[in-house]
Amino acid sequence: MAEDKMQQQRFELKYIIPEDVSRAVRDFVSGYLEIDEYGATLPDFSYRVHSLYLDSDDLHLYQTTINGDKNRFKLRLRYYDNRSEAPIFFEIKRRMNTIISKQRGGVRRDAVDWLLAGHLPEPAHLVSRDPRQQMALQNFCKLAQDIRARPTAHIAYLREAWISPRDNSVRVTLDRAVQCEPEPLAHLSTRMANPVVVFGKEVILELKFTDRFPDWFKHLVRVFGLMQCGAAKYVDGVTMLGEFRFNPAFVLDHPELTSPEFEVAAPRRWTSNATSKPTDDG
């Protein structure tokens, strides 16, 4: 398995820019960073990213962002394709004032139901022996149980990522075609039925750094006249669609608004205190 190059703690600045500006930004950034290995051979240097966001029935995690809480977190499952052997990453993304921290642990796809039902991960579920990943999974399960989190929204987008050739201290990403739809079950499909395009044709530029704001970042911001803003994919997606569309009762009554596989499994509901291993729904 490839080395996980995720920045575990960082500062993160976001900007929403037009597509034509993003091309010029790419040219600028390429003088300092290199395209990451996943996008190097793909059109527009971009690969598809999928996330299943978890939240409580009353959208507690969504509300903490809307309310501007300085210390908050999000829970999500991240995946990149439909292959049965591809890992699923359980991620905790925390904001503490201006610092972003991430924890994540990868599991086999057939272990996802077990963890979402409220059980702790078992050794056979893990894709890495790194103790930090096991700790991340345990923390994820605890946080999910504390708020009775359930699958809520499927977010997908195209990511172009530039990384430092020397270390992991600087990273720049360009995210395009951000889509969102309700997802009350963990099908983890790459297909979407009726998604909303959250930011239209605009591109989300993120400047990420672990220590000092690089001087060339300052130059980049000045040259392109960038204005820092918020761009929370999950939160903006829920806001655009309307909070009521993510209510469990509403989603169950409108299966046509979710992933193509939803109708088959609609009667199934997630609980955080299950005592037996859920069956595999494929």
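**Aromatic rings and their partners**

R104 lies over the face of F89, 4.0 Å from the ring centre. K233 does likewise with Y157: its charged end sits over the ring, 4.6 Å from the centre. A charge sits over a ring if NZ of Lys or CZ of Arg is within 6 Å of the ring centre and within 35 degrees of the ring normal.

This is a predicted model: local features need pLDDT of at least 70, side-chain atom pairs count only at pLDDT 80 or more, and totals for chains, interfaces and linings use all residues. Residues are numbered from 1 along each chain as its sequence is written, and side-chain values use heavy atoms, with hydrogens and water left out.

Now to the ring pairs. The whole structure holds 15 aromatic pairs (rings of Phe, Tyr and Trp, its six-membered ring, with centres within 6.5 Å; planes under 30 degrees apart are stacked, over 60 edge-to-face, the rest tilted). Y32 and W216 are stacked, because their centres are 4.3 Å apart and their planes are at 0°. Y32 lies in the loop between α1 (19–29) and β2 (34–35), and W216 in helix α5 (residues 215–224), so the pair ties together parts 184 residues apart in sequence. Helices (H or I, at least four residues) and strands (E, at least two) are DSSP runs, numbered from the N terminus.

Y32 is partly exposed at 37% relative accessibility. W216 is buried at 14%. Buried means under 20% relative accessible area, exposed over 50%, partly exposed in between (1.4 Å probe, protein chains only).

F90 and F140 pair edge-to-face, 5.0 Å centre to centre with 80° between the planes. F90 is in strand β5 (residues 88–96) and F140 in helix α4 (residues 131–147), 50 residues apart.
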